[in-house]
Amino acid sequence: MKRTERNKIIRWAKRLTDKELEDACHDLYMSCSQSIVWEMREQGYDMQDIEKRAAYENFMCQKFDLVCRLCEERGIKLWA
């Protein structure tokens, strides 16, 4: 993740309430946990499309990690 992307996410998170940030974290978890790259490979998708999807999924997982860390900094308990 680029520094500008990271800073943009941090600014976005600062505007959210605790509940909104918690909900965003749960949504990001769902995005991270449902990879379709393997299915794309099995179905014979173009390698360029697979690589783009893998990069997107990697970015979303990094975003998830960052948002979880921001939740911890605010004292928001996730998965309780």
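Is Cys68 buried or exposed? Cys68 counts as buried, because its relative accessibility is 11%, where buried means under 20% relative accessible area, exposed means over 50% and partly exposed lies in between (1.4 Å probe, protein chains only). The legends below describe a predicted model, in which local features need pLDDT of at least 70 and side-chain atom pairs count only at pLDDT 80 or more, while totals for chains, interfaces and linings use all residues. Residues are numbered from 1 along each chain as its sequence is written, and side-chain values use heavy atoms, with hydrogens and water left out.

**View 1. Cysteines Cys25 and Cys68.** Cys25 has a relative accessibility of 0% and therefore counts as buried, as does Cys68 at 11%. If a disulfide is taken as a pair of cysteine sulfur atoms within 2.5 Å, the count for this model comes to zero disulfides.

**View 2. The nonpolar core.** A nonpolar core is here a set of buried Ala, Val, Leu, Ile, Met, Phe, Trp, Tyr and Cys residues joined through side-chain atoms within 4.5 Å, and the largest such core in the model has 17 residues. Those with the most contacts inside this core are Leu21, Cys25, Phe64, Val67, Leu70, Cys71 and Leu78. Helix H1 (3-14), H2 and H4 are the elements that give two or more residues to the core, and H4 gives the most, with seven residues; helices (H or I, at least four residues) and strands (E, at least two) are DSSP runs numbered from the N terminus. In soluble globular proteins, nonpolar side chains tend to be buried together.

View 3. With contact meaning heavy atoms within 4.5 Å, and with residues up to four places away in sequence not counted, Leu21 touches Ala13, Leu16, Val67, Leu70, Cys71, Arg74 and Ile76. Glu22, which is found in helix H2, is in contact with Cys71, Ile76, Lys77 and Leu78 when its neighbours within four places in sequence are left aside. The C-alpha atoms of Glu22 and Cys71 are separated by 7.0 Å, although these residues are 49 residues apart along the chain.

**View 4. The aromatic pair Tyr29 and Phe64.** Rings of Phe, Tyr and Trp (its six-membered ring) pair if their centres lie within 6.5 Å, and planes under 30 degrees apart count as stacked, over 60 as edge-to-face and the rest as tilted; by this rule the count comes to one aromatic pair. The ring centres of Tyr29 and Phe64 are 5.9 Å apart and the ring planes stand at 50°, so the pair is tilted. The pair links distant parts of the chain, with Tyr29 in helix H2 (residues 18-33) and Phe64 in helix H4 (residues 47-74), 35 residues apart. Tyr29 counts as partly exposed, because its relative accessibility is 38%, whereas Phe64, at 13%, counts as buried.

**View 5. Lys63 over the ring of Trp12.** A charge sits over a ring if NZ of Lys or CZ of Arg is within 6 Å of the ring centre and within 35 degrees of the ring normal. Lys63 lies over the face of Trp12, at 5.2 Å from the ring centre.

**View 6. The salt bridge between Arg74 and Asp18.** The model holds three salt bridges, each being a side-chain nitrogen of Lys or Arg within 4 Å of a carboxyl oxygen of Asp or Glu. In one of these, the side chains of Arg74 and Asp18 meet at 3.0 Å, N to O. Arg74 lies in helix H4 and Asp18 in helix H2, so this pair ties together parts that are 56 residues apart in sequence. Arg74 is partly exposed, with a relative accessible area of 32%, and Asp18 likewise counts as partly exposed, at 41% relative accessibility.

View 7. The side chains of Lys19 and Asp23 meet in a salt bridge at 3.2 Å, N to O, and both residues lie in helix H2, four residues apart, about one turn of the helix. Lys19 counts as exposed at 51% relative accessibility, whereas Asp23 counts as partly exposed at 31%. Glu57 forms a salt bridge with Arg53, the closest N and O atoms being 2.9 Å apart, and about one helical turn separates these two residues, because they are four residues apart in helix H4. Glu57 is buried, with a relative accessible area of 11%, while Arg53 counts as partly exposed at 26% relative accessibility.
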